[in-house]
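Please walk through this structure with me.

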Amino acid sequence: MPSSHFSVRCTFALEKIIITDPILNEMAKNIEEAMKILENGQREVEERQKYILKDIPGPLQGCGQDVSSILQLIQNLMYGEEKEDSQRMHGLGERGHVTLLGHSLVAYISGLHRERVRRLSIRVQSDTTLWLCRIFRYENGSAYYHDDDREGLLRVCRLVLYSRYEDYATEGYAVLSCRHPVIYQSSACRPGLGHYLCITLMCCRIVMPHHLANAAFSLQDVSVLDRLIKDDVKSGKVPLLLIANAGTAGAGHTDKLGNLRELCDQHNMWLHVEGVNLATLALSCVTSSVLAATRCDSMTLTLGPWLGLPAVPAVTLYRHEDPALALATGLASTQVAEKLRALPLWMSLQNLGHDRIVKRIKHALRLVSSLSVEDEVNSPIVLFKFSQETSPGSTQAISMFSTGVLQLGEQLAQQVPSSGVDLVHLEDEGSCVRFNPLMTSALLGTQDGDVDALMERIGEMVPLLSLTMCLRHEFREEVSNHSNLTYVEDLNWPGLGGIRYNPTCKDPDESKRQLLQEKINGDLLKNLQQLETEVEFSTGPEFSPEKSCIFIGMATENLDVAKLVDAIAAMGRDIEEGSKLLDNMTETVQRGIQEAERQLQKANEEKIMKEGVLRQIPVVGSVLNWFSPVQSSVNGKTFNLVAGSLDSTESIYSMKTQPVKETDLTPVFNITKQSDGKCFHFTIITPLTNPSILPECMRVTEVLFC
């Protein structure tokens, strides 16, 4: 349903309570208006400029600001100077507005009478817990709602500690010194989870067997884990908890949950399950591997990404018979604010209904099946791995393939943003492009057309990637054939490679040579970027250690690598020659200016001696000049760069043209003395065969030096 219909429905639903509590109706209208302001990116330029300066942090305004100004400031902070809406989040729609209204209601309800808040919070939490347990087939479960999706597992670990160590509540960590608790998890779990538990609990040893990091816990892996647990028991440790996956964070594989359940029962361990595949428990047909998750002791659900609900809490469902321990560890709470945390989710679930919840999950799985070549899809994640049969070397080839995947993933994310693809690095498979619609499609609104566009772009880019990987070796060989070029090795660059032009500079000063190299390569990059070619030229990766070099992008079908390298070398030589000519001109012009100053000063002295001292006195000189005018001509000089000499400008002014010999192919500077005798007027003439090698500043025809 379009978001424009939301205000009508919401207002209609609240009309019955307007008499007793009109604030709810006003709150719904305010939410609607605020979202319109934040989602409206079409503002006048003058209005946007009005708030740009306010983005700079400063003191709090004494008189305060109105709500519209604050919302406008938030919009500027969200989008900056973006003019296109392509990178912005899709419209939240009705479900998003309901969730935001729920967050506002939490703040409003917290100010009501305590007894009213207590009754409402108990109803909200009990309803939400009952619905989730029924939807995800977790009978007789309790629920803990938390913003950080790791917080639920942390509270569960504390619950197990209280259960396994009777004196833990009174003695604390002292009871753990003799019998250390151990938590087991596969290294295929999401990164940083084990470290987070260790840092927070400060009492557990996390075991991540690398031989359990393959696709999933196989039957053989479970037997290996069994031996590992038995060894820990013999050494006096306490196996506490096992973290299993129903859909690993990287590839979406599901562990052998049934076998792990039996292993945990055998060693009196707690089994916690998490993963994206838990969403499929809401469907009528569930694979047996995922269905075994309903027998676990606890599971964490991330409903926000699955259903496209913004800012709703994650939920940890658990089973435990002692409510006192749940209260002591924070899984249960008597605080009203904790109970009201479920209100946005409570409202969103009612707004969606069971049918639309199932529909959204089915839609994500259908998008996966349209990309899969298998008859039955066991994982809601599809991975794309770029590979090539032939390669120049195993180690280099792996890095090149990873670089190709990096380029592929970045291009796909930019060109098909609604697909939600991203990059993931797996220990065994390397870098892969991941399509995980269960975590992205509901929020991004991914449709079948986006999947078709994704496949089309993959089909276009893979041949170019393969061609680029094949031409890398040829590109390196061609660069080595030029003495003034150096090949730059950077395996993180997805194109043909890097190149650096080395000028033939004999200056012993290393800093000057480096500055010259930076200047020439910078000018070379600018000239290459102005060429009409499909090949891209850039400065390379953002954090590349290589400086003063040029990186060439992906190859095209008709690219001739030899001609490309020859053209780069020739262009670099032209720029270097132009730079040398400019340096020579600068030095010669400086000498010419000094000589012109000396000769013009001498001519001025001769003029004074010829005209006499009296003519130089202001009043007397004007009278003498009136009675006896002095015939004088413009005393100017022409400086020839070829001859390195100063000549008279009389012939120029008499012929009205600049005499240039056929052998004169270098710039000529005309130096003319102004009437005040203090300034010199330069006219730069450039009869060069290739004047483009001069910088723009040297093509200006008139420069005045004082």
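R137 sits in the loop that links α6 (114-135) to β1 (142-146). Helices (H or I, at least four residues) and strands (E, at least two) are DSSP runs, numbered from the N terminus. This is a predicted model: local features need pLDDT of at least 70, side-chain atom pairs count only at pLDDT 80 or more, and totals for chains, interfaces and linings use all residues. Residues are numbered from 1 along each chain as its sequence is written, and side-chain values use heavy atoms, with hydrogens and water left out.

Most residues other than glycine have a negative phi. R137 is not a glycine, yet its phi is positive, about 60°. R137 is partly exposed, with a relative accessible area of 32%. Buried means under 20% relative accessible area, exposed over 50%, and partly exposed in between (1.4 Å probe, protein chains only).

Now move to N268. This residue lies in the loop between α11 (257-266) and β5 (270-274). N268 is not a glycine either, and has a positive phi of about 55°. N268 is exposed, at 51% relative accessible area.

Back to α6. How does α6 pack with α16 (residues 343-369)? The angle is about 35°, and the axes are 10 Å apart. Axes are lines fitted to C-alpha atoms, for helices over the stretch in contact, and angles run from 0 to 180 degrees between N-to-C directions.

Which residues meet? In α6 they include V124, W131 and I135; in α16 they include L345, W346 and I357. Contact means heavy atoms within 4.5 Å.
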